[in-house]
Amino acid sequence: MLRAFMSYYKPYKALFAFTLACGILAGALELAFPLAINYVIDNLLPSGNWQLILWGGIGLFTMYILNGGFHYVVTYWGHKLGINIETDMRRDLFSHIQNQSVQYFDNTKTGHLMSRLTNDLMDIGEIAHHGPEELAISIMTLLGAFGIMLTINWKLAILTFVLVPFLILFTYYFGKKMSVAMTMLFGSIADFNSRVENNVTGIRVVKAFVNEKHEMDKFQTNNNHFRFSKLASYKIMAKHTAFSQILMKFLLIFVLLCGTWFVIQGELTYGEFVAFVLLANVMVGPIQKLNAVMEMYPKGIAGFRRYLDLLNMKPEQEDRPDAIHVDQVKGEITYKDVVFGYENKDKVLKGVNFSIKAGETVALVGPSGAGKTTITSLLPRFYEVESGEILIDQTSIHDLTMASLREQIGVVQQDVFLFDASIRENIAYGKLGATDEEIWKAAEQAQMTKIIQSLPEGLDTLIGERGVKLSGGQKQRLSIARMFLKNPAILILDEATSALDTETESAIQQALAELSVGRTTIVIAHRLATIKEADRIFVVTENGIEEEGTHQELLQQKGTYSRLHQAQFDFDYAGA
Ligand SMILES: Nc1ncnc2c1ncn2[C@@H]1O[C@H](COP(=O)(O)OP(=O)(O)OP(=O)(O)O)[C@@H](O)[C@H]1O
């Protein structure tokens, strides 16, 4: 863990060395002060040379100006080092999270991930700055003070220093307790975030079911758990502060008493006595700093441990070393004996076989839960097949790089996800850096021009989280416009129009028909009327592809498709 932590210092070696050097100089100046006082009392004072004393004062003042400068560097540049490291860790974690498989996101709470990226790393910057640097400076100052004390009076120096290991051990003990408390606290913050995220994204459902009170109760449970964890950490912190204050004052009084005794015995001059007391005071500084680092350490380290746990988790999917990048596929698709189940549960697909010619439009129909969406999710490798093989243009999708494979495939879903940004940004998501001209062209192809023109801010209109300010049909058109820009060779339309009214549906069907021209298209539809024109229709049941043919052929077969068609016809007729 330490090695992983230290590796983040590599890019900032110079900054680290600079702040460390300033810290060491500041520590050395702190040590010089008691020696200077010792000299003034024992040498200058008896001589009565007022001028020399004045020069001594000016010298001391200059020393402190320098000391202030060094402290500024340590505080500002040291923190800069810390925040740089914290930023780098966040960058690595975000990139790592993005590379995780879809399955990983199925099983991970958004709030927990948010917590890992924000709160968990919050203290790491402090540790990165104060940790190694202050540890080194404090140890150096402590040893320096001890060395000087030894030269003044070795007996008193040893008596004073006997107490220091106890102080450090005591801090270590509290640090361990704090680490456990902080891990608990971070866990409860993650749950807390998760609850808030769930509530905010589902607020319409909460309100529609008038379940605000129920949500409030659940929130309060998390809130109380958070309060409990935080209080536990404060209790440890309070005990630590109280005990260390007592021990520190005990150290000073001990030096004062012993020092007085040594002065009475004639073993210590007045100047040396004052220097000793001041040195004991100087020692309190590093001990307090060590305490602070030890107090901070558990917080930082608990977060860093959670950070490493996630960072060390290898993405379930990676490109093969010899994977090839494809620029443009023709779009021929073959599924060979594909078997798949989610998370080792029952198999959803138990040996699916089919092939689709380049440019063909194929519709998947069948009962709910039969695995239509699952079949299409395997093509861009959102999930991995358990056995069997999927080929595009006769090449296994596992022999292609994941990025180039996904560039060839466009998915339009019923539940369109849009970003909390402008219409322009959302359309341009299909081709980053697209010009306004390209965006307008895509909007026109998706029959969206009039909608955009009617909005006061046109392309710059902000559409809210998940596109909440747009209607279902508008969102759908926007996702189609985005797809025109992406221009993939293979298109998957997953029940893209099932939630729309007839007029909007027919407009969007038209846009989709235009979008599918020249592309291999897989359409998933419940409403069979929308896929009559498909080149072929596959009937997916729990046994795999049960029937296959054109609309007319399947009707004549009088099998599952014909039954589904009849049931839908009866339903529509009854509805009319
Ligand atoms: N991410 C997932 N994790 C675990 N199980 C899943 C996941 N997605 C789907 N399933 C399960 O896999 C099975 C097939 O689901 P799928 O969505 O592929 O069916 P479908 O034929 O598209 O259904 P529908 O027509 O209702 O959309 C279902 O039993 C479903 O519960």
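# Exercises: ligand shell, sheet and overall form

The shell around the ligand is made of three nonpolar, five polar and two charged residues. Here Ala, Val, Leu, Ile, Met, Phe, Trp, Tyr, Cys and Pro count as nonpolar, Asp, Glu, Lys and Arg as charged, and the others, Gly among them, as polar. This is a predicted model, in which local features need pLDDT of at least 70, side-chain atom pairs count only at pLDDT 80 or more, and totals for chains, interfaces and linings use all residues. Residues are numbered from 1 along each chain as its sequence is written.

**Exercise 1. List the residues around the ligand, and find the helix that gives the most to the shell.**

Step 1. Apply the cut-off: a residue counts as near if its C-beta atom, placed from the backbone, lies within 6 Å of the molecule.
Step 2. Read off the residues: D106, Y342, V348, S368, G369, A370, G371, K372, T373 and T374.
Step 3. Recall how helices are set: they are DSSP runs of H or I with at least four residues, while strands are runs of E with at least two, and both are numbered from the N terminus.
Step 4. Name the helix. Helix α12 (residues 372-378) gives the most, with three residues.

**Exercise 2. Work out the strand order of the open four-strand sheet, then walk through its pairs.**

Step 1. Strands of a sheet pair through backbone hydrogen bonds, either parallel or antiparallel. Two strands count as paired if DSSP finds at least two bridges between them.
Step 2. Write the order: β2-β1-β4-β5, with antiparallel pairing. The edges are β2 (349-356) and β5 (395-396), each of which pairs on one side only.
Step 3. Take β1 (residues 333-340) with β2. Six bridges join these antiparallel strands. F340 stands opposite L349 in β2.
Step 4. Turn to β1 and β4 (residues 387-392). Five bridges link them, again antiparallel. T334 has L391 in β4 as its bridge partner.
Step 5. Finish with β4 and β5, an antiparallel pair with two bridges. I392 is partnered by T395 in β5. The hairpin of these strands has two residues between them, and D393 takes a positive phi near 50 degrees.

**Exercise 3. Find out why L512 is classed as buried.**

Step 1. Locate L512: it is found in helix α18 (residues 502-516).
Step 2. State the classes. With C-beta atoms placed from the backbone, a residue is buried if 20 or more other C-beta atoms lie within 10 Å of its own, exposed if 12 or fewer, and partly exposed in between.
Step 3. Apply them. L512 has 22 other C-beta atoms within 10 Å, so L512 is buried.
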